[in-house]
Every structure is written in C-alpha cells, then in structure tokens.
Amino acid sequence: MTPLGRRRLLQSGVAAALLAVSGMPARARSRGGKLTAALSGASVTDTWDGRTHAGVFMMAAASGAVFDTLTEVAADGSLKGELATHWVASADARTWTFDLRQGVRFHDGTAFSAEDVIASLLLHKDVTSPAAPILAEVERIEKTGAHQVRFELKRGNADFPYLLSDYHLLIYPASDIAGAIETGNGTGLYRVKHFAPGDRLVATRVADHYKGEGAGFFDEIEYIAMNDASRRVSALMMGKVDAINAVPVAALGRIAESPAVQLQTVQGNRHISFSSITGAVPFADPDVKMALKYGLDRVSLLNDVLGGHGAIASDSPIGPANQFFAPDIVPVQFDPERAAFHLRKAGLNGLCIDLGYDPRDGNEAEANALLFKASAAKTGIEIQVSAAPDREWNAATWSGRATEDWMLSAAYGVNTPWNRHGWAPARFQDLVAAARSVLDSDLRREMYYELQIMLRDDGPSIIPAFTPFLQATSNRVGTPETIGNLFDMDSTRMAERWWSA
C-alpha cells in the first residue's frame, strides 16, 4: 500500500491522507471564558445517538464538542485526522488502513482503541441511519492492531477518508455504547455538565485533552435551543448570547447597524430543496415534475426571499464548493405556460399539493414554501403550506457535503433514509458508483457533469438556489479568518475553533 497525498479539495480525485499540521493563526487566541450560542434545529426527542442527528443544535453539541469522528474537514476544506492520525490505501482504493490516536480516553476514563471504532461504525450498517450508505460500501472492518483498523470496501472509493468525517459517525466506547448514548460519554474537547433535549447543553473543557492548546479555547460552552429566528436575533442584540446561526434576511439591516455584532456570510454548498416524500402518483410522472420545476420562480426566490444572498441552482445538490460543480448548466426557467403544458401532458387540468416544512428549520423554510405557493398559483398549481414535515412535498434546506459522491449517495442512494422519494434509476446509480472509484479527475468531471444534467432533467427534487450560511457573533467572540463552510457555525465546530475576544 502507498500513502495518498494531502489535497485541499481532492485536486487529483484522490482523498487526502496525511494528518494536517495545525498552527496558530495570525490572530491571537485567548483561553478561558464561556461561549453562549442560540441554535436552531433542536427537538425534545434529541439524544446522543448520532444516527438521529440532523439539526444544527445536536451537530454542534455532538461532533462539534462532546464527541469525535475519525477524520475532520478543516475550515479551509483540507482533511485532517481527529481520532485517526494517518491512513494509506491500496492502489485501487478498495483497502484503507487507518492508524488511530494513542493515549486518548473517553470522558469516563475508558481508554480508546480499535474496538471502539469498529463497534461505533457498525451501528450504522444495515439499519436506518443517514450514514448507512457509507457503511453499505464497507465489506469488512478488522482490527490490525490495538490502534489500527483496516477497511475492505466493495469497490474503490477515492473519497473514503472524507466520508469518515460524517457527523453521524461518532465514536463511542465499545464496552458501553448504550451508556455513552444516554450520558454523552465521548472523547471530545468538552464534557457534558447538563443536557436537556430541546432546551440546552452546558459542557466544560476537558483538561489535558489530546488536542492540546491548539483547540477548545473556552472553559465552558452553553448551547441554547432556539428554533425561532427572531428570538435568536433578539437574544444576540440584547447581549444574552454570543452567537447565533441562520440569521434571517429581514434582520440583516438590524445586524449591520449594531457596532457590537458581526455578521458572517459563508458560501458553501448549502441549498434549498423541494422534494416529493413518497414518489407516488402523480409525482412520479416526469411531466408533473417538470410542471413543478417550471412553476417555481427562482429569480424571485433569490431576490425577494433570500435578499440576493446566494445563486440560482439547477436542481442538483452539487454546489460551488465542490470540485466538480458545473456552473454552466442552465437551470429550468419560470414559465407558467410550459408548466401548464406539462400538466396537460400528464392528463391534468390542475394540481393541488400539500407542501410541508419542518418548524425546526425556522422562518426561512416557511418563506421559501410561501414563495413557491405564490409563483405556482400562476401556473394552475395550488399549494397548501403546512408547518409539518412528511407531507406530499417537503421544503427543506440541506448543508451539502464536501464531496460529490457523499452528497449524491446520501440523497439519492438506494433505500437510504433521505431518499424517501424512491428515485433511483439504474443509470444514475451505476454512474455514481463508477465515479466513486475513478481516480482520473477529467473522467470524474465528465461523470459528475452528466449526473448533474440527469438531476436537472429528471431528478425528484427542485433545488432552486444555493444560499450562504448567515450567522452572527457578538464582539465578545473571536473567530479565525477562515470559517468552515460545510455546515452552520464554522461547520458546527465553533467550540473548538473560536475564542473569547
């Protein structure tokens, strides 16, 4: 086996393989103090089970503070080790061997070893988990040393080390996984002091942590569940919290006028999505899908709802931060007459659908749904907007993923939890699988271009726009010059990367 070189964003199509060396940034980082953040995406059903995590609150609490994964995508997009220190692959990228960090302990004192990695990752195999597509490609995981594991994949995967940074793939102690899920017993920089689902997390910095003095600068963190965007903005402006995610466009002027608050605009692969939940008739009909695509005014969505922050998309989740994003693909244009034409081709004089959204996604999801309702009304399509998920169609916001395969496998893989529309054409699946194992960048680019065209022309989702992460901090918080763009709040790792100003 040969080591694979480190890349910022998979420049050669081969995943990064060497532990990034982290140095102190130009800005001085002070130690101590407390970070208080108001975050969206919380629920009273939240637990420390990574298989259930979806909202920002638990992502920031778990993989961002209390637990670790094997690898971590740094703020600049490069890959570095977290509980893994080094990895090498076979020439066909089917066999991967990971060296694990030694001297690490869980918060209860249990020593970390290879058994913990194997047991934790197998939690996601052959079960309902957003990370199931990753483990479905793993044929075998074996311990090759007390601190070394080997993965045998079903087929080569150039991106595999990136996938192991997935925020669902938390590492638990193999001796008591159930207890770790109950109490929050991880190896992260912060130890749980108090956790109330749907309410708050309070955690304290672990002394003598393996990450040393280069990360985790706060003595304590407090994350407050606050799904309502207006409440988050008010809490920040009144000085009750130090940071908030998902600032609504309507509040940007208020944020800009305050000398005590700083706005962060971080462009990544975050995108708006409208998709069928069931894939049932009539939504499986290609003409119905095209009628809905022509019935959405993307320009109005971008300008009137998003305030011009973002870019129009072409119904593909592969975004501007991905290596093989194709910006020249022309999106479907708003055209009421063509929408009506496709409805008639489907044998329909009109269409009435129930479009739901998750209230945990806040005001933005509702605004997106209402814009779709208003523009579709001009085409003979009636949309009823409901503040509940799992309707006939669903409005949501995805953060995107660091690699194309990661995103496509999660959203459109066969029988994956997030592929609830059931759309999985054989040609699409075959092409995703082929692109996954190709190491030639030019060939991969051609494959991913074709996949993006397929999603525009036949995909089950309407993805009208890429939109940046809009978040804000008080002047009491210091942040690095480069902010992670995978997810909100520095890819949810603010507890690790920010400090008291």
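About 120 Å³ of space lies in the largest cavity. A cavity is here a set of points, on a 1 Å grid over the protein atoms alone, where a 1.4 Å probe fits but cannot get out. Grid points are joined across faces, edges and corners, and a volume is the space filled by probe spheres set on the points. Rolling a probe the size of a water molecule over the atoms shows where empty space is left. The structure is a predicted model, in which local features need pLDDT of at least 70 and side-chain atom pairs count only at pLDDT 80 or more, while totals for chains, interfaces and linings use all residues. Residues are numbered from 1 along each chain as its sequence is written, and side-chain values use heavy atoms, with hydrogens and water left out.

The count comes to 3 cavities of 30 Å³ or more. The lining of the largest cavity consists of 13 residues (each with an atom within 4 Å of a point). Of these, Ser 165, Leu 486, Phe 487, Ser 491 and Arg 493 lie nearest its centre.

The structure holds 17 aromatic pairs. Rings of Phe, Tyr and Trp (its six-membered ring) pair if their centres lie within 6.5 Å; planes under 30 degrees apart count as stacked, over 60 as edge-to-face and the rest as tilted. Phe 67 and Tyr 172 form an edge-to-face pair, with 5.2 Å from centre to centre and 65 degrees between the planes. Phe 67 lies in the loop between helix H1 (56-66) and strand E3 (71-73), and Tyr 172 in the loop between helix H4 (160-163) and helix H5 (177-183), so the pair ties together parts that are 105 residues apart in sequence. Helices (H or I, at least four residues) and strands (E, at least two) are DSSP runs, numbered from the N terminus. Phe 67 is buried, with a relative accessible area of 0%, and Tyr 172 is buried at 1%. Buried means under 20% relative accessible area, exposed over 50%, and partly exposed in between (1.4 Å probe, protein chains only).

The rings of Phe 325 and Phe 466 have their centres 5.8 Å apart and their planes at 85 degrees, so this pair is also edge-to-face. Phe 325 lies in the loop between strand E15 (311-312) and helix H10 (336-345), and Phe 466 in strand E20 (residues 465-466), 141 residues apart. Phe 325 is partly exposed at 26%, whereas Phe 466 is buried at 3%. Ring pairs also link Trp 87, Trp 96, Phe 98, Phe 151 and Phe 160 into a cluster.

In helix H6 (residues 229-237), the buried residues are Ala 229, Arg 232, Val 233, Ala 235 and Leu 236. Seen down the axis of H6, these residues fall within an arc of 160 degrees, so they line one face of the helix. The arc is that of the directions from the helix axis to the C-beta atoms. The buried residues of H6 pack against several elements, among them strand E2 (34-39), helix H7 (252-257) and H11. Just after H6, Gly 239 takes a positive phi of about 80 degrees.

Glu 496 lies in helix H16 (residues 494-497) and is buried, with a relative accessible area of 6%. Leaving aside neighbours within four places in sequence, Glu 496 is in contact (heavy atoms within 4.5 Å) with residues including Glu 72, Lys 80 and Lys 211.

Key
1 Å grid on protein atoms, 1.4 Å probe; cavity = no way out; pocket = protein on both sides within 12 Å on 5 of 7 lines; lining within 4 Å.
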